[in-house]
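Please walk me through this structure, taking a few residues and the pockets in turn.

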Amino acid sequence: MRLALAALLLAASSAIAQEGASRLATRPGLEIGGQAAYYDYKEPNFAEIKGPRLGFVGAWTAVSDRSVFFRIDGRASYGSLDYQGSGSSSGVPDLILEARAVVGFDWALNSATLSPYAGLGYRYLYDDLTGYSSTGAAGYRRYSNYLYAPIGVTLRFDLSPEWVLAPTAEWDVFIQGKQKSMLSDANPAAANPTNTQNHGSGYRFYLMFEKDRLAVGPYLHYWHIQDSDVQPIGGGRLGLEPENFTHEYGLELRYRF
């Protein structure tokens with residue numbers, strides 16, 4: 001009897017330990033959700049585009065029996081923003097599309113799980129400044145493309161018997177950017193240059209609270225991109241995409257199937 005009771009207690013404690021470990025492991029499956037954020041893009045001493053935006057997010061994660069995970073995630077975010085530069089205007093359509101693929105592994109600690117990862121990401125942005133600002137200056141469309149390598153780590157630990165806290169810190173290694181400016185929208189005689197950006201960096205921070213199939217928490221995306229190369233823009237003139245800073249901070253909610 002005592003032997004049977006000891007075996008039962010050992011099995012129960014093992015099950016509890018496995019359940020705790022699974023709570024702190026990378027979550028497999030399909031997740032969908034949304035974002036509400038405030039966005040601020042700034043070219044110092046030249047222009048600023050800012051305002052609220054809403055987005056849709058999705059991710060699919062596979063985890064092997066050796067705690068290696070592979071994740072594909074993406075998002076679409078839209079805002080009707082305010083412009084301040086050569087005059088001011090409002091209602092500027094601004095769309096961000098993003099896709100990423102990363103691979104990583106779970107490293108179990110005493111009371112937490114550390115999950116480093118790395119991969120490849122692509123970010124596309126379109127904004128439409130066509131029309132006229134408050135000073136009568138004509139605007140144009142802009143197309144932005146970033147290729148980057150995300151390198152990050154997530155730490156998971158129990159916050160309560162029901163909730164897990166999962167902060168994530170990520171460095172986005174900037175590989176290259178391409179910026180196409182449709183200057184002919186403002187001046188039919190102008191060229192539509194494509195400038196190349198080779199220097200910059202980005203960071204991301206998440207503070208997610210996970211419970212069962214839900215995950216919710218604040219996030220921050222940051223980019224600092226330096227001056228691009230110089231391209232002809234017509235009339236014997238040259239132009240570049242100037243140094244710029246992007247801050248996006250908001251709240252994200254996801255549901256896992």
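In which strand does S144 lie? The residue belongs to strand 7, which covers residues 141-158. Helices (H or I, at least four residues) and strands (E, at least two) are DSSP runs, numbered from the N terminus. This is a predicted model, in which local features need pLDDT of at least 70 and side-chain atom pairs count only at pLDDT 80 or more, while totals for chains, interfaces and linings use all residues. Residues are numbered from 1 along each chain as its sequence is written, and side-chain values use heavy atoms, with hydrogens and water left out.

S144 counts as buried because its relative accessibility is 4%; buried means under 20% relative accessible area, exposed over 50%, and partly exposed in between (1.4 Å probe, protein chains only). Leaving aside residues up to four places away in sequence, S144 touches R123, Y124, L125, K178 and Q179, where contact means heavy atoms within 4.5 Å. With Q179 there is also a polar contact between side chains, at 2.8 Å. Such a contact is a pair of N or O atoms within 3.5 Å; within protein, one must be able to donate a hydrogen and the other to accept it, and residues adjacent in sequence count only if both atoms are side-chain atoms.

Y117 sits in strand 6, residues 112-128. Its relative accessible area is 6%, so Y117 is buried. The side chain of Y117 is joined to that of E170 by a polar contact of 2.6 Å. Between Y117 and L253 there are 136 residues in sequence and 22 Å in space, taken from C-alpha to C-alpha.

The largest pocket has a volume of about 700 Å³. It is lined by 37 residues, and the closest to its centre are F46, A138, G139, Y140 and L183. Pockets are found on a 1 Å grid over the protein atoms alone: a pocket is an open set of points with protein on both sides within 12 Å along at least five of seven lines, whereas a cavity is a set of points where a 1.4 Å probe fits but cannot get out, and lining residues have an atom within 4 Å of a point. Grid points are joined across faces, edges and corners, and a volume is the space filled by probe spheres set on the points.

Strand 4 gives the most to this lining, five residues. By class, the lining of the largest pocket holds 19 nonpolar, 13 polar and five charged residues. Ala, Val, Leu, Ile, Met, Phe, Trp, Tyr, Cys and Pro count as nonpolar, Asp, Glu, Lys and Arg as charged, and the others, Gly among them, as polar.

The second largest pocket contains about 260 Å³ of space. Of its 14 lining residues, S22, R23, R27, D212 and R256 are the closest to the centre. Helix 1 (2-23) and strand 10 (200-211) each supply at least two lining residues, and helix 1 gives the most, with three. The lining of the second largest pocket divides into four nonpolar, two polar and eight charged residues.

D212 is found in the loop between strand 10 and strand 11 (214-225). D212 is exposed, as its relative accessible area is 60%. Its phi is positive, about 50 degrees, although D212 is not a glycine. Most residues other than glycine have a negative phi. S67, in the loop between strand 2 and strand 3, also has a positive phi, near 65 degrees. With a relative accessible area of 30%, S67 is partly exposed.
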